[in-house]
There are 2 protein chains.
Amino acid sequence: MISFKDAYQKVLDHCQDYGDEQIPLSQATGRILAEDIVADRDFPPFNRATKDGIAINYKAIEKGQTTFKIEGVVAAGMPSCSLSDTANCLEIMTGAVLPENADTVIMYEHVIIENGWATLIKPPSKGQDIHPQGSDQKKGNVVLRKFCTITPAEIGVLAAVGKATLKVRALPSTAIVSTGNELVDISETPLPHQIRKSNIHTLFSALGQEGIEPTPLHLADDKESIRKVLRKSLQEHKVILLSGGVSKGKYDFIPEILNELQVEKIFHGVKQRPGKPFWFGVQKETGTVVFSFPGNPVSTFVNYTTYFKDWLKQSLGIPLSEIKVALKEEVVIKGELTLLLRAKLHLLDGKLQASLVKENGSGDLNSLVPTDGFIVVAPNKEVYEIGEYVVFIPTRRLL
Amino acid sequence: MISFKDAYQKVLDHCQDYGDEQIPLSQATGRILAEDIVADRDFPPFNRATKDGIAINYKAIEKGQTTFKIEGVVAAGMPSCSLSDTANCLEIMTGAVLPENADTVIMYEHVIIENGWATLIKPPSKGQDIHPQGSDQKKGNVVLRKFCTITPAEIGVLAAVGKATLKVRALPSTAIVSTGNELVDISETPLPHQIRKSNIHTLFSALGQEGIEPTPLHLADDKESIRKVLRKSLQEHKVILLSGGVSKGKYDFIPEILNELQVEKIFHGVKQRPGKPFWFGVQKETGTVVFSFPGNPVSTFVNYTTYFKDWLKQSLGIPLSEIKVALKEEVVIKGELTLLLRAKLHLLDGKLQASLVKENGSGDLNSLVPTDGFIVVAPNKEVYEIGEYVVFIPTRRLL
């Protein structure tokens, strides 16, 4: 068995590159950008009125003028025009191009308009209420960097520069595999000794949040069918997540069969709780990565969250970050395992604090409902005090 | 014009109830549960072995016995059985039903197995390595509460209790409408006085994150077509989000036409920056709610994030919460408007701090890229000091 820290590092050492793909903008939210995006024009592309009112040449103000003949109206979407006389004004609408020889906009609230003349109520400052061409970004500037996560804000920028399609990081084709003869489908009524499948649904949901639609499979505890299904999955998928069948039981055939199928074991067993019998390997020939999680629901969940998610991030090029929060209660460590403890997060006066969730071991699926994430406490000391900072791995969106 | 606080309250006062709908579990992630979920059996449903090893009756240990004849193997998924003699043992696998007259499991690591006999290396504790029936949840207990957000953890619980389909809160049919003659499609090359549509793409992306797939529409600045499209949208949709056309301009026909179409104005104009000319109304007859945002990209974005998101949450039954963070720099307020300032969030030693993002007004779309959210500062004082707590409205996932 290896330490938690070593296991985590070994998983990251086996990140893969799945390349890039071209997708339409409407499907890009949540994806990772795979190209630098450059402004194709200045932002804004012209001197743009930011108020509805009149456009004037400030020289007229300097000469003491307060009343302006209205030459016409400039609406948003009209081509650039000029004042025929810089002593006059043009009515101008928000978003319109500032007339070439105007330099100041005065909003309607500061003007009285009567019989084709505008009279100022309030003296303007030169250049006011104009969003000058190129003042946000110059043409050719990088406006979005490769490897950023695309959220609604980035979508707006991508639209503005005309990226109807764009290059994003490709996601690996993924299979999720449950194992165990005790498992029945969720639409079935289990016999007294059976339980319904849950891990595969949890994984389906979690991968969906990463933009991956996995192929769900189930294996009975029978060598021949395990061999057949895994061989096929290794050919068809780049990532396989299994739950169950990696412990010391008589029917835990997974490690043996993965070995037969040329999947090289990187490690089996981590000094952690829950999730200790985690098996991790790579098929060198194809590059297919196999995360074989112990089948208890909390074991699968903690290993997915801790190892797989960061592995995926790093494979896609997203920088990893560590969140630390303060303990709201003392934590006492017994034994030699790193503990991944279910925790609830509290935000009080801008401070993040974690309290422990009452739980009943790694089979206690329900304890994940009040859980916001896992705190990581290593056995390098016996007591973690109140207020001490610990690593926090979120399992749901908190902010 | 009304205050920011009043506007926010008025928007919440017009929450709607769109009822519930039945959907398959595979589509439930991110949705809001609309029924209490009850355990249909005990969790776990039987006394369940949590280790691979042997099952014994502890009375044998009390009698000093250390070697046990193996009667057979109990695998996960096998019906309940018994020891034929309580001086014997059964090999048992993780997830299997504990034999009726056994009460203790001893893992393989603490046993030597030879010629059909198991010899203890380490004395067990009575009842060890068993996950007792009903110890997580009793049959009939509520395991998930109505109005919770469904994440992968809840999906696991829903699967375990057999909810192949479930009742979630229904989402409103929504139209998003951009207006303005200066706007062209993203696949077009704009003329010098034109810009590409961006708000409609931002809103499409943002609503998608809430599970809503809106209908995108565009209006030219022409009364007759605005009237026609809005009349149809009011019939077909429960929510309409518009951007642009609500300011003081000559072609800002939206408020007038909404009024004609019996959409009652709740307010028009809020003492805030950006996003001041926000128009909000409800068509009483149909209950259709109209959010008409000013068209500058940051104005639309800030109003969507601040008003619409909480309005939607409350309409779906999700409790609202306020996030407060400490200021990393001093903020000086001038004027009488509540400011919604673009901010970057920093997490240091478990503390959340906000610093201001350099920006160039409400047209500066690019400034939303380094922005994590908006801080709200009201003009009830002139200076907000470093370290002072302010409300923070996130615009992207931070934890």
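Across the interface of domain 1 of chain A and domain 2 of chain A, one salt bridge is found in this predicted model. A salt bridge joins the side chains of Asp17(A) and Arg169(A), with an N to O distance of 2.9 Å. The side of domain 1 of chain A that touches domain 2 of chain A comprises three nonpolar, one polar and one charged residues.

The domain assignment places these elements in context: in chain A, domain 1 covers 2–18 + 171–316 and domain 2 covers 21–43 + 135–169, while domain 3 spans 48–131 and domain 4 spans 323–394. The C-alpha centres of domain 1 and domain 2 of chain A lie 35 Å apart. Five residues of domain 1 of chain A contact five residues of domain 2 of chain A, and about 400 Å² is buried between the two domains, with 43% contributed by carbon and sulfur atoms. On the domain 1 side, Asp17(A), Leu171(A) and Leu316(A) lose the most area, together 86% of what that side buries.

The interface between the chains involves 92 residues of chain B and 92 residues of chain A. About 7500 Å² is buried between chain B and chain A, 60% of it on carbon and sulfur atoms. Of the area that chain B buries against chain A, 10% comes from His193(B), Asn366(B) and Leu399(B), more than from any other three residues.

Six salt bridges cross the interface of chain B and chain A. Asp40(A) and Arg196(B) form a salt bridge through their side chains at 2.8 Å, N to O. Polar contacts between chain B and chain A number 43 residue pairs. Among the secondary-structure elements, α3(B) gives the largest share of the side of chain B that touches chain A, with eight residues. That side divides into 43 nonpolar, 28 polar and 21 charged residues.

Conventions: Residues numbered from 1 in each chain as written. Chains lettered and ligands numbered in written order. Predicted model: local features only at pLDDT ≥ 70, side-chain atom pairs only at ≥ 80, totals over all residues. Heavy atoms only, no water. Domains from an automatic or database assignment. Contact = heavy atoms within 4.5 Å. Buried area = accessible area lost by both parts, 1.4 Å probe. Salt bridge = Lys/Arg side-chain N within 4 Å of Asp/Glu carboxyl O. Nonpolar A, V, L, I, M, F, W, Y, C, P; charged D, E, K, R; others polar. Polar contact = N/O pair within 3.5 Å; in protein donor to acceptor, adjacent residues only side chain to side chain. Helix = DSSP H or I, 4+ residues; strand = E, 2+ residues; numbered from the N terminus.
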